[in-house]
Amino acid sequence: MTYSFSNLSKNIRRSEIREILKWTRKPGLISFGGGLPDSDLFPLKEIADITKEVLDTKGYLALQYGQTKGEPEMVQALCQHMQEFGDDAACENVCVVSSSQQGLDLLSMLFLDDQTPIIVEMPTYLGALQAFRRHNANMIGISMDNDGMKMDELEKTLSESEKQPRFIYTIPDFQNPSGITMSVERRNQLIAIAEKYGVPIVEDSPYRELRYIGETLPSIWKLSGGKNVIMLKTFSKILFPGMRMGWVVAEEEIIDKFVVLKQSVDLCTPSFNQLILASYIEKGMMKETIEKAKKCYKPKKDAMLKSLEKFMPPGVRWSKPEGGMFLWVELPESIDTKEIFMTAIEHDVAYVIGAPFYHDGRGKNTMRLSYSFPSLEQIREGIERLAKMVKSIL
Ligand SMILES: Cc1ncc(COP(=O)(O)O)c(C=O)c1O
């Protein structure tokens, strides 16, 4: 049988990272690979208790089809959660989705046609690149420095674009993969530039709540007064990814579009999961869990930075994140992190190669290190192994 597939499916590429991470199952290997939350933080007993309570009191709703926009309890609880972290949004501005990856998928369906120009950061989240690539978007990259996306470059690109980009995609808080946070000044500049050129901003912010040092910065959603911004949020990093729960925040007109598109994708996000998490937030447990997560991740981040300082040879540079789960390492230009990946595996340590985080595959000398999952001891030992390997190659 010769199958004839759609153009859309032809644009799908297997994730290079998932392929490469297969090697990380080697016994004794320390992996700084996937961006997994520490599973010791998962509130197993609390979720078990709430699940029983939901089944006992609202089982008839929990096991039924739900509303596409989200269960009213959940939408309300999400507004409460956002308010606790400085973001105001009304229920009309929220649509529950099956995690941020679905948000990115719906966003792509809503805005992208073949070769539609969009702006992305360099580097940026690989899953977003995959979603945009599937729709054959024409991605235009903007470089970053320690304060986030470079606004002079963005303005120049927009002023010279023949076809107006449909949106600007940014991860302003502790970016995946770089760990960089966009400064407040840049956020305000971004809002002004986006307004000037009439281009919406997509603010993808899974790590925002996980700040370990310094002051929380206002979201772009908040700074813009909720205009011209679509914000993507998820429980995957601040609680756990297993329930695949996230939400989109935007102007009502955009939320309506998301709802109609979502209907055609999965009818609704599981009501059962929504009622459990709504109750978790209402009981004030979400805030407690985030505090615990911060206490767990801060020493891990510090340990990774300290070990890099101690063991890495001159010529290697890395970002110094104030939150989130990742940091970004740049090796000398002559080193290709993909080529040396198997040498790292031989040294019983793994990282994620940097090039797939660039829409055009540059950044061959870069790598992403995640510190959220390994233990403190593994972080120290793993960075020492990595540094030993880098030294031997240099
Ligand atoms: C920036 C960013 N957006 C979206 C996602 C997708 O997360 P999820 O689909 O688990 O909510 C991730 C996951 O790593 C991410 O880092």
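The lining of the largest pocket is made up of 18 nonpolar, 16 polar and seven charged residues. The structure described here is a predicted model.

The volume of this largest pocket is about 1,100 Å³. Its lining comprises 41 residues, and those nearest the centre of the pocket are Arg18, Gly34, Gly35, Leu36 and Lys237. Several elements of secondary structure contribute to the lining: helix 2 (16–21), strand 1 (30–31), helix 5, helix 6 (126–134) and strand 14 (366–370) each provide at least two residues. Helix 5 gives the largest share of the lining of the largest pocket, with four residues.

The ligand is located in the largest pocket. Around the ligand there are 13 residues, of which Asn176, Asp204, Tyr207, Thr234 and Ser236 come nearest. By class, the shell around the ligand holds four nonpolar, six polar and three charged residues. Helix 5 (residues 99–111) supplies the largest share of this shell, namely three residues.

| Residue | Polar side-chain atom to ligand oxygen |
|---|---|
| Thr234 | 2.6 Å |
| Lys237 | 2.9 Å |

On its own, the ligand has 400 Å² of accessible area, of which the protein covers 93%. Asn176 and Thr234 in the table are also among the residues that come nearest the ligand, while Lys237 is one of the residues nearest the centre of the largest pocket.

Across the whole structure, a search finds two cavities of 30 Å³ or more. The largest cavity contains about 40 Å³ of space. Its lining is formed by Pro37, Asp38, Leu41, Phe42, Lys237, Ile238, Leu239, Thr289, Ala293 and Tyr297. In terms of class, seven residues of this lining are nonpolar, one is polar and two are charged.

Conventions. Residues numbered from 1 in each chain as written. Predicted model: local features only at pLDDT ≥ 70, side-chain atom pairs only at ≥ 80, totals over all residues. Heavy atoms only, no water. Near = heavy atom within 4 Å. Polar contact = N/O pair within 3.5 Å; in protein donor to acceptor, adjacent residues only side chain to side chain. Areas by Shrake-Rupley, 256 points an atom, 1.4 Å probe, with all protein chains shown as cover. 1 Å grid on protein atoms, 1.4 Å probe; cavity = no way out; pocket = protein on both sides within 12 Å on 5 of 7 lines; lining within 4 Å. Sits in = over half its atoms within 2 Å of the grid points. Nonpolar A, V, L, I, M, F, W, Y, C, P; charged D, E, K, R; others polar. Points joined across faces, edges and corners; volume = space filled by probe spheres on them.
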